[in-house]
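Please keep the structure open while you read.

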Amino acid sequence: MTPENLLHLLQTTRKCTFGCPIIDRSVGGGVACNSLTEIVAESGCGKTQLCLQLCHCAQLPLSLGGLNASSLYIHTEFPFPFRRLQQLSQAFSSSYPQFPNPSDHIFVEPVHSAQQLFDIMPKIESFLANRDSPLPTRLIVIDSIAALFRSDFDNTPSDLKRRSALFFKISGKLKLLAKRYSLAVVLTNQVVDLLDSSDGISALRIGNLKSLCSSGRRVCPALGITWANCVNSRLFLSRNEEVVGEGDGVVNGGELAQRRTRRWLHVVFAPHLPKSSCEYVINRQGVVGVESQ
Amino acid sequence: MEVGRLPISATLRGKLISAGYTTLSSLASVSPSDLARELEISNNEAFEILKFASHGSRLDRPDGSGAIVNGAETAWDMLHKEQLLPRITTSCADLDNLLGGGINSSEVTEIGGVPGIGKTQLGYGFLLIQLAVNVQIPGAFGGLDGKAVYIDTEGSFMVERAVQIAEACIEDMTDYSVLVKKNATPHQVQIQPKDILENIFYFRVCSYTEQIALVNYLDKFITEHKDVKVIIVDSVTFHFRQNFDDLALRTRLLSEMALKLMKLAKKFNSAVVLLNQVTTKFTEGSFQLTLALGDSWSHSCTNRIILYWNGDERYAYLEKSPSLQSASAPYSVTCRGIRNSTSSNKRTKMI
């Protein structure tokens, strides 16, 4: 066993850009390679959007903040948003004409259960080791990890024990792959509502934010504290609806009042990042950060 | 060579030396039958050698200071030795007070807390501050004399963050040395974070077998690379929470590893810092937070510190220590590393 050279590691540890300077700024340049990054959000915040965008940006050359690599997208929630992928690909190739078919370098694999995910790990590894493709694969997205674990297990002590053992097995394997092939691994996770704020363990504070709020409700990431131990960094996306322009021409109040959704990205914890956040919008071209007032 | 002085035949002496027994103390804990088997000599010969050796070692100690077992020390000597050992500062004054000046060299300290509380940051702190101090001080004596081992099991070690904290440490110490001696020599060599990084032996382990193998190998490694002053395992837990259906086996492996780490700490006078995760424990119908790896593991460490949130502030609680009382202290994680909590700064200012 020999120690690794940190100076060499400093030069070779890459980040995969989100394709937007404002978002990149708040996450220190993008998703770090050799580690697991989790994106937590309720549905409709843009987890999948962000992941799809990441898969495109991974193809960018190193000089543009990408990984010069293809990506593997493991989806567990159906259906896979092919139409949106195509839309993003078109937008991507119009801004980077040197990539005419970005979708060619995004590999998609469906997975239906946690055990299946663990079982296909050897297959994934041989896929990663296969260097025949023009671009090596250096990004794995699992969207979402929660869907796998929230269905198959009962709320009994033995099942929960089995579940947490599987958490550690899968994350251990993913970390091994991440290290061996210098991958960036991104996992998405859902949230659960926090019913009673004083309710012991699930109200437990993890990370920079005192409480996570989305759509005006207090939420906490699914899968509990055991899973929180398994990831290296955690990002949280939130959205809140605001009523704008109330009163000008709106007759029936509530229903017709113009609403605007504001979305935020927060760093919950990460070994290399300070507490930070930024606002973003989702448009046809993808996820774009906005300078907040 | 001490065995050279033993009144035994030259062949036996040769056999002893080629088997690696060069000092009398190395013979102190060998049984005659083991020695006979190892040197391929008769039991009687082995017995004779050991008799001479024990006689010889008694002669070595003419004052006969009452050491019953070879290598025994009096408590008074140990106290002196311990007082001489340096402590490793956390660079947060409140935490240092809590720990009686910092992390103790030659002891095993465990630090646990929820994700995102700053375990890894504390790990970086011990590593880099210690190294920065080493790099700065022996400059006049030529060469660096302290090194560190960082065992990363989770992949949370970010070199860019290490560089950030190292830079801050260097800045702080340059400021400090300017303050202390007003006529600071202008030609003082500017140390770079690079110099510090070169003194970190970073190991990334991807399974528990690798982790155990590495801990076993560390003895040899540190003997070869002298002056490892800090050993950090981030985290000791991760690989032991997967693939263990046999919990008794896990307990045995863990306690064996803990013993080895303790031995390393004592032998090389280096501080061993183990980071641990938290888990929930189901007792009497309610869930409680505890450090992972169970109750038997909690005996394995000399000191134990638990990190927790109190409102919007991070606190450290000294749960277990052989010499200090339990207490807690606030700290904060800044871009420069671990520092005093901002609110406690305000408090001191107001007073």
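A cavity, on a 1 Å grid over the protein atoms alone, is a set of points where a 1.4 Å probe fits but cannot get out, and its lining residues have an atom within 4 Å of a point. This is a predicted model, in which local features need pLDDT of at least 70 and side-chain atom pairs count only at pLDDT 80 or more, while totals for chains, interfaces and linings use all residues. Residues are numbered from 1 along each chain as its sequence is written, chains are lettered from A in the order in which they are written, and side-chain values use heavy atoms, leaving out hydrogens and water.

**Cavities**

- The rule gives three cavities of 30 Å³ or more, with grid points joined across faces, edges and corners and a volume taken as the space filled by probe spheres set on the points.
- The largest cavity, of about 100 Å³, is lined by residues including A:Leu9, A:Cys33, A:Lys179, B:Phe157, B:Tyr202 and B:Arg204.
- Its lining has six nonpolar, three polar and two charged residues, where Ala, Val, Leu, Ile, Met, Phe, Trp, Tyr, Cys and Pro count as nonpolar, Asp, Glu, Lys and Arg as charged, and the others, Gly among them, as polar.
- The second largest cavity has a volume of about 70 Å³, and among the residues that line it are A:Phe18, A:Val31, A:Ser233 and A:His272.

**Interface of chains A and B**

- In contact (heavy atoms within 4.5 Å) are 36 residues of chain A and 42 residues of chain B.
- About 3,600 Å² is buried between the two chains, with carbon and sulfur atoms giving 67%; buried area is the accessible area (1.4 Å probe) that two parts lose on being put together, summed over both.
- A:Met1, A:Leu6 and A:Phe168 supply 20% of the area that chain A buries against chain B, more than any other three residues.
- One salt bridge is counted between the chains, the term meaning a side-chain nitrogen of Lys or Arg within 4 Å of a carboxyl oxygen of Asp or Glu.
- That salt bridge joins A:Lys15 to B:Glu160, with the closest N and O atoms 2.4 Å apart.

Conventions:
On a 1 Å grid over the protein atoms alone, a cavity is a set of points where a 1.4 Å probe fits but cannot get out, and a pocket is an open set with protein on both sides within 12 Å along at least five of seven lines; lining residues have an atom within 4 Å of a point.
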